[in-house]
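Subject: Structure handover

Hello,

Here is the structure I promised to pass on. Please open it alongside these notes.

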Amino acid sequence: MAAPGARRPLLLLLLAGLAHGASALFVVKDSNGTACIMANFSASFWTAYETEHGSRNATFFLPPSAEVLNSNSSCGSENASEPNLTIAFGSGYSLMLSFTRNATRYRVQHMSFTYNLSDTQYFTNASTKGIHSVDSMTDIKADINKTYRCLSAVQIQMGNVTVTLHDATIQAYLSNNNFSKEETRCAQDGPSPTTGPPSPSPPPSPSPLVPTNPTVTKYNVTGENGTCLLASMALQMNVTYLKKDNKTVTRAFNISPNDTAHGTCGLHVVTLRVESKNSALELKFGMNASSSLFFLQEVQLNMTLPDATVPAFTASNHSLRALQATLGNSYKCNTEEHIFVSKVFSLNVFSIQVQAFKVESDRFGSVEECVQDGNNMLIPIAVGGALAGLVLIVLIAYLIGRKRSHAGYQTI
């Protein structure tokens, strides 16, 4: 069961999402009035900020009044800037999506979010005032001349900010002034639906680029004062590199339960290191004592790729804020999560439950669920609410009909 404090933000997200969950359409046009970018989604924002009494969280949503900021949006040009969509709302808030492409695919290369800590509606008693910006790379991508479609929640982590897109339809480099009828579905939704008769299956490859989902593995890091990290999760590494034949590929490597795992317990940093024959993956968890939170703050990968032009592969990010929960509680997420470490490396996390620093009796504490799992609850909640409303309407109609029936048999 989740702790009461952990349930409150999730409940707020569910209720506010039901009230403000309608998607909005945003269009960027060139000087001739031709659309080059179209996006239709709703969005929620979670932000951690500091006050004189410690850290607090703010959750708010993209309002119906949000609109395209034409002065900051562009269709790009051949030799200059890439296309970008900037959505402005409120006083000092904006969300920007910057696109890039190659011969076969386009993607949201960067997403940036600007927010106003002077806005007391959301940031009560914030220690720092003024406009602040955060940004991150994303895994939002689709085939050229196809629409990116994702019914599931898409979560982008930017330091102390988490942006979640809901029911997203996005397309850049439009060819016919409107969304394409063909779609590229996001990984969270599963394989893209196909039309027409199935094509013959190709012969199996002896070494597939995309393996099956990894196996859930349990990890335990113990120090002088006992267990400092308890985790159950499946990990998959996505690595992009240039092969010796000058072709750029992205390969997925699963972390195996047979890989060697060890770690260290520090006062402010807990480290888990998983090693195989060709790779060493290091996850470092940090903590914020004032807000009593732990989180994944650093990921580093050292790997040998025999078919790469440069076999020694290294990637790292020291400023993450993922897998966050209250000290003494555990973070849990059944939905697949994508942690974007760099433009050439991302980490997929499946079926995770993790707890760092404060672990009692080698057991997980109270659960704090991820936002994605909460979004999956919206459909049964909505269906249950609709059924309850229908039952209530039938009951009221029955009582009214019964009252009228009795009125027709009054004594003369």
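First, a definition. Rings of Phe, Tyr and Trp (its six-membered ring) pair if their centres lie within 6.5 Å; planes under 30 degrees apart count as stacked, over 60 as edge-to-face and the rest as tilted.

Next, the ground rules. This is a predicted model, so to speak of local features requires pLDDT of at least 70 and side-chain atom pairs count only at pLDDT 80 or more, while totals for chains, interfaces and linings use all residues. Residues are numbered from 1 along each chain as its sequence is written, and side-chain values use heavy atoms, with hydrogens and water left out.

**Aromatic pairs**

The ring rule gives 14 aromatic pairs. The rings of F45 and F60 have centres 5.5 Å apart and planes at 25 degrees, so this pair is stacked. F45 lies in strand β2 (residues 35-51) and F60 in strand β3 (residues 54-61), so the pair ties together parts 15 residues apart in sequence. Helices (H or I, at least four residues) and strands (E, at least two) are DSSP runs, numbered from the N terminus. Both F45 and F60 are buried. Buried means under 20% relative accessible area, exposed over 50%, and partly exposed in between (1.4 Å probe, protein chains only).

F45 also pairs with F113: the ring centres are 4.5 Å apart and the planes at 10 degrees, so this pair is stacked too. The F45-F113 pair links distant parts of the chain, with F45 in strand β2 and F113 in strand β7 (residues 105-116), 68 residues apart. F45 and F113 are both buried. One aromatic cluster is formed by F45, Y49, F60, F89, Y93, F113, Y115, Y122 and F123.

**Whole chain**

The protein chain has 3 helices and 26 strands. Of its 412 residues, 43% are buried. Contact means heavy atoms within 4.5 Å. Among contacts between residues at least 6 apart in sequence, 56% join residues at least 24 apart. The chain exposes about 22100 Å², and carbon and sulfur atoms supply 53% of that. Accessible areas come from the Shrake-Rupley method with a 1.4 Å probe; for residues, only the protein chains shown count as cover.

**A covered strand**

Look at strand β24 (residues 337-342). It is mostly covered, with 6 of its 6 residues buried. β24 runs antiparallel to strand β25 (residues 345-356), and 5 bridges join the two. Two strands pair if DSSP finds at least two bridges between them. A hairpin connects β24 to β25 through 2 residues. E337 stands opposite V349 in β25.

**Salt bridges**

A salt bridge is a side-chain nitrogen of Lys or Arg within 4 Å of a carboxyl oxygen of Asp or Glu. The count is 10 salt bridges. D139 and R107 meet in one of them (3.8 Å, N to O). D139 lies in the loop between β8 (131-137) and β9, and R107 in strand β7, so the pair ties together parts 32 residues apart in sequence. D139 is partly exposed, with a relative accessible area of 26%. R107 is partly exposed, with a relative accessible area of 26%.

R149 forms a salt bridge with D167, the closest N and O atoms being 2.8 Å apart. That pair links distant parts of the chain: R149 is in strand β10, D167 in strand β12 (residues 161-172), 18 residues apart. R149 is buried at 15% relative accessible area. D167 counts as partly exposed at 32%.

The side chains of R185 and D189 also meet in a salt bridge (3.2 Å, N to O). D189 is partly exposed, with a relative accessible area of 24%. Salt bridges that share partners join R273, E275, E282 and K284 into one network.

**Backbone and surface**

Which residue in the loop between β9 (141-143) and β10 (147-150) deserves a look? N145 sits there. N145 has a positive phi of about 65 degrees although it is not a glycine. At 38% relative accessibility, N145 counts as partly exposed.

N246 also has a positive phi of about 65 degrees and is not a glycine. N246 is found in the loop between β15 (226-242) and β16 (248-254). At 61% relative accessibility, N246 counts as exposed.

Best wishes
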